[in-house]
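Please look at the sequence and the structure shown below, and keep both in view while reading.

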Amino acid sequence: MKRLEQEEDEVPSLRIIGVAVAFLVISAIGVATMYWEMEVGRRVDQPLGGPGVPPEIGREEIGMVFQRTFDDQSHRDGQHLRGEQARKLTSYGWIDRDRGTVHEPIEVAMQRYLEGERP
């Protein structure tokens with residue numbers, strides 16, 4: 001009877017190193033691609049280069065959002081605006097006199113709408 005000898009344990013170190021190097025190369029390519037994409041996006045968003053100040057900064061209203069800070073003046077302005085809005089919602093008045101367009105109190109408008117009257 002022939003005796004079998006155990007093979008020597010061998011770690012495929014070249015294969016492991018090759019996989020690690022391939023992973024590092026692919027990762028480096030991915031990072032470089034993402035950096036390039038971000039730079040292209042930055043150049044599109046900021047055509048003059050560097051971070052600039054948008055022209056809307058400092059304006060009281062951007063779009064339909066008020067950007068002012070809450071100080072005493074803005075609080076008084078807010079109360080004044082709220083009063084104007086409440087007055088407009090509870091009174092009759094002209095929107096465009098030349099075209100004959102008026103506004104009416106919201107309660108009257110809602111009642112007319114519920115009764116089936118449409119503008």
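By the rule used here, the count comes to four salt bridges, where a salt bridge is a side-chain nitrogen of Lys or Arg within 4 Å of a carboxyl oxygen of Asp or Glu. The model is a predicted one, in which local features need pLDDT of at least 70 and side-chain atom pairs count only at pLDDT 80 or more, while totals for chains, interfaces and linings use all residues. Residues are numbered from 1 along each chain as its sequence is written, and side-chain values use heavy atoms, with hydrogens and water left out.

R87 and E84 both belong to helix 2 (residues 72–89), where they are three residues apart, about one turn of the helix; helices are DSSP runs of H or I with at least four residues, strands are DSSP runs of E with at least two, and both are numbered from the N terminus. To describe how open a residue is, buried means under 20% relative accessible area, exposed means over 50%, and partly exposed lies in between, with a 1.4 Å probe and protein chains only. R87 counts as partly exposed because its relative accessibility is 45%, and E84 is partly exposed as well, at 35%.

E104, R112 and E117 are linked in a network of salt bridges. R112 has a relative accessibility of 31% and therefore counts as partly exposed; E104, with 24%, is partly exposed, and E117 is partly exposed at 37%.

Is S91 buried or exposed? S91 is buried, because its relative accessible area is 17%. This residue lies in the loop between helix 2 and strand 3 (93–96), and a polar atom of the S91 side chain is 2.7 Å from the backbone oxygen of R87. Leaving aside neighbours within four places in sequence, S91 is in contact (heavy atoms within 4.5 Å) with H103, E104 and P105.

On the surface, I17, V21, V25 and I29 form a nonpolar patch with about 360 Å² of accessible area together. Such patches are made of residues with over 30% relative accessible area and no salt bridge, with like charges joined within 9 Å and nonpolar side chains (Val, Leu, Ile, Met, Phe, Trp, Tyr) within 5 Å. V21 is found in helix 1 (residues 13–45), and V21 counts as partly exposed because its relative accessibility is 45%.

For the protein as a whole, the secondary structure comes to three helices and four strands, which follow the pattern α-β-β-α-β-β-α along the sequence. Of its 119 residues, 5% count as buried. The accessible surface, from the Shrake-Rupley method with a 1.4 Å probe, comes to about 11700 Å², of which 60% belongs to carbon and sulfur atoms. Among contacts with a separation of 6 or more, residues 24 or more positions apart account for 0%.

Conventions:
Polar contact = N/O pair within 3.5 Å; in protein donor to acceptor, adjacent residues only side chain to side chain.
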